[in-house]
Amino acid sequence: MLAYILRRMGVMVVVLAAVSVCAFVIIQLPPGDYLDDYIAGLQARGTEVDQAEVEALRHQYGLDRPLYLQYLRWIGKIVRGDMGYSFVYARPVEALLKERLPLTVTISVLTLLFVYAVAVPIGIYSATHQYSFADYGFTVFGFVGLATPNFLLALVMMMLFFYLFGLNIGGLFSMEYVGAPWSFGKLLDLLAHLPVPIVVLGTAGTAGLIRVLRGSLLDELSKQYVITARAKGLDEQRLLFKYPVRVAVNPMLSTVGWLLPEIVSGETIVAIVLGLPTIGPLVFNSLLSQDMLLAGSTIMLLSFLTVVGTLISDLLLVMVDPRIRFEALQS
Amino acid sequence: MSQHEAHTATESVPNERAEQYFVATQWQLMWRKFIRHRLAVIGAVVLAVFYFWGLFPEFLSPSVPSERVRELAFSPPQRVRFVHDGRIRGPFVYGYRQSIDQLTLQKLYTADTTDLRPIRLFVRAAEYKLWGLIPGDIHLFGSDRGPVMLLGADSFGRDLFTRNLYAARVSLSVGLVGVVLSFVLGLVLGGISGYYGGMVDNVIQRIIEFLISLPTIPVWMGLAAALPPEWGSIQIYFGVTIILSIVGWTGLARVVRGKLLELREADFVMAARIAGARQRRIIAGHLMPSFMSYLIVHLTLAIPRMILGETALSFLGLGIRPPAVSWGTLLQDAQNIQTVVLYPWLMSPALFVVAAVLMFNFLGDGLRDAADPYK
């Protein structure tokens, strides 16, 4: 078991190294660097720019060195916890991330829990009441939920809340709490703001998961052991939850592998629409203004979150499901 | 139809039909099964209409996307009416009378019952070039007495109905072009992976796992932000589709590999080999048919993901850039909640996006059922 965990950790390190190269390539792709923009801005305002000064700056930021050295320097600093300075926000990147990371993680985890809490009962109901009115209803919901991009859902929700209650549901805090230190009131305020983003982010995943669970449970229900148990007179309710549901729910844990990247990915764009103070808007703004260090760190961090989340879910799965544990330990 | 049903069918219906069932080719069986899936047929029909719009928006829309009617900025959708003065007549719309709300200083539009605009077919209006090549000025419908805006107007007084139709061309074709690209990538890499196996397979599989574990939208954003600002509409268009397929090919490659591995060992392939069939015949005559149906299903389900990706990127201003129109760029106008509440018709492109994606899902579902007609 320990060997398996260690091996998975090793693979994760390799993946993270690949992620960092990707993030670095992405931030290197736009022509020019931040200094070019900066200088163009100075010249536009009529300030004389001394060529020697530019070179000095370029040297200071290491922009005159070959790419691989720039990469090594960048990643070396990140490993030591120094993510550099954001030009746009005029603050260290760590400070920005420290502020927004907890909210991003909170929203992602809560969304994940929401998806399972809603999808599992509905999936079980749909499978046990196949072709019933409610089953058709959930199927329709599933199709529409999968077809609606979550940023559109965010817009529609904002519109509805505005029409119905005259409320502006953007953001995660009310005006009076935005800059305030943490207090009980602020926590309550946050809880009041959380449901909308969570529902928006979770809808597509819920729709997908209901279909997965319904399908696998239907498969299980038609198997012989179910018929045997029923023939022996086992109570329908106990039969359902004792065997087929357990078998059908387990593979769902492995869906975290695609569910989590999807949530983090969707969170990026929903946060921009709803104005949430999470990492998503940071990625967007830094990319628009070519704030390379910030863009690189945020993309890296989001990928890091999904990779680690997937690893945790895989380990959980190994612990819960003996069949998978057997397979994992065999290889 | 299950085996069991097939047998009972032989007993109860005239032999002719049963005979037809048993001699039908695989494609005929698939077609029959597909036709029975009602939602899938609806999906196919609606999508055919959408793509028809995307092919001929110049002719089908009453205006051109760049035509501005300043005085009609933010005017609401015009209703097509049939009753004027208590009498039924051909379809027409009323023009708008403008006034200013004294309280909010907002422009108000009220239907002007004296300004009757009969809708006619094949009207001469704004000039266009069909596919940028063939000049023309005949529009399927319109009125010679003033603009007809069935979905209202945007902030510049441009007809949203027209713009939605033109946007269909970009948004729907991004899906197709992107899927063709991922198809090629997936087929080649998945094929190599499944055919050679071993080390090559291992490396490609790890790359796929890696790409799947990345959060797509931030990566797309990063790549899209790198598209040079001086690029023209067409270059940007292809740039965006390439970015979308970089992530999109992975799923397809998995399907191809899995199927190849499975089929390589299948009995009928072995039988063909023993019977002395040449490699080319095995691939074209035996592998492809049992393969293509799955690929088509997968492609159908990949297109809506591409469409959603393009919409998301363009919505953020990182994808297709104006003056080119896609459903995503049109939705940029709907970003501000105040605007959306005041002018809800700016959300109309959302309906098209959701409808298109939904129909693709229906179609894909029907195709999936049909792909295995013996089940």
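This is a predicted model: local features need pLDDT of at least 70, side-chain atom pairs count only at pLDDT 80 or more; totals for chains, interfaces and linings use all residues.
1. Chain A overall. Chain A holds 16 helices and two strands. Its length is 331 residues, of which 35% count as buried. Among contacts in chain A with a separation of 6 or more, 72% are between residues 24 or more positions apart.

2. The side of chain A that touches chain B. Here 39 residues of chain A are in contact with 31 residues of chain B. Six elements of chain A each give two or more residues to this side: α1 (2–28), α6, α7 (150–165), α13 (256–274), α14 (279–288) and α15 (292–320). The largest share, eight residues, comes from α13(A). By class, this side of chain A has 31 nonpolar and eight polar residues, with no charged ones.

3. α6 against α9, within chain A. Helix α6 spans residues 133–147 and helix α9 residues 195–221; their axes come within 8 Å and cross at roughly 135 degrees. Angles over 145 degrees would count as roughly antiparallel and those from 65 to 115 as roughly perpendicular, so this pair falls in the remaining class, and α6(A) is oblique to α9(A). The crossing of α6(A) past α9(A) is left-handed.

4. Residues at the α6–α9 contact. From α6(A) come F138(A), F141(A), G142(A), G145(A) and L146(A); from α9(A) they meet T203(A), A204(A), T206(A), A207(A), G208(A), I210(A) and R211(A). The classes in this contact are six nonpolar, five polar and one charged.

5. F143(A), V144(A), L146(A) and A147(A) in α6(A) meet V354(B), V357(B), L358(B) and N361(B) in α14(B). This contact has seven nonpolar residues, one polar and no charged.

6. The two contacts of α6(A) together. L146(A) is listed in the contact with α9(A) and again in the contact with α14(B). The α9(A) contact includes one charged residue, whereas the α14(B) contact has none.

How values were computed
Residues are numbered from 1 along each chain as its sequence is written. Chains are lettered from A and ligands numbered from 1 in the order in which they are written. Axes are lines fitted to C-alpha atoms, for helices over the stretch in contact, and angles run from 0 to 180 degrees between N-to-C directions. Helices (H or I, at least four residues) and strands (E, at least two) are DSSP runs, numbered from the N terminus. Angles under 35 degrees count as roughly parallel, over 145 as roughly antiparallel, 65 to 115 as roughly perpendicular and the rest as oblique. A crossing is left-handed if the near helix is turned anticlockwise from the far one by less than a right angle, and right-handed if clockwise. Two residues are in contact if their C-beta atoms, placed from the backbone, lie within 7 Å. Ala, Val, Leu, Ile, Met, Phe, Trp, Tyr, Cys and Pro count as nonpolar, Asp, Glu, Lys and Arg as charged, and the others, Gly among them, as polar. A residue is buried if 20 or more other C-beta atoms lie within 10 Å of its own, exposed if 12 or fewer, and partly exposed in between; C-beta atoms are placed from the backbone.
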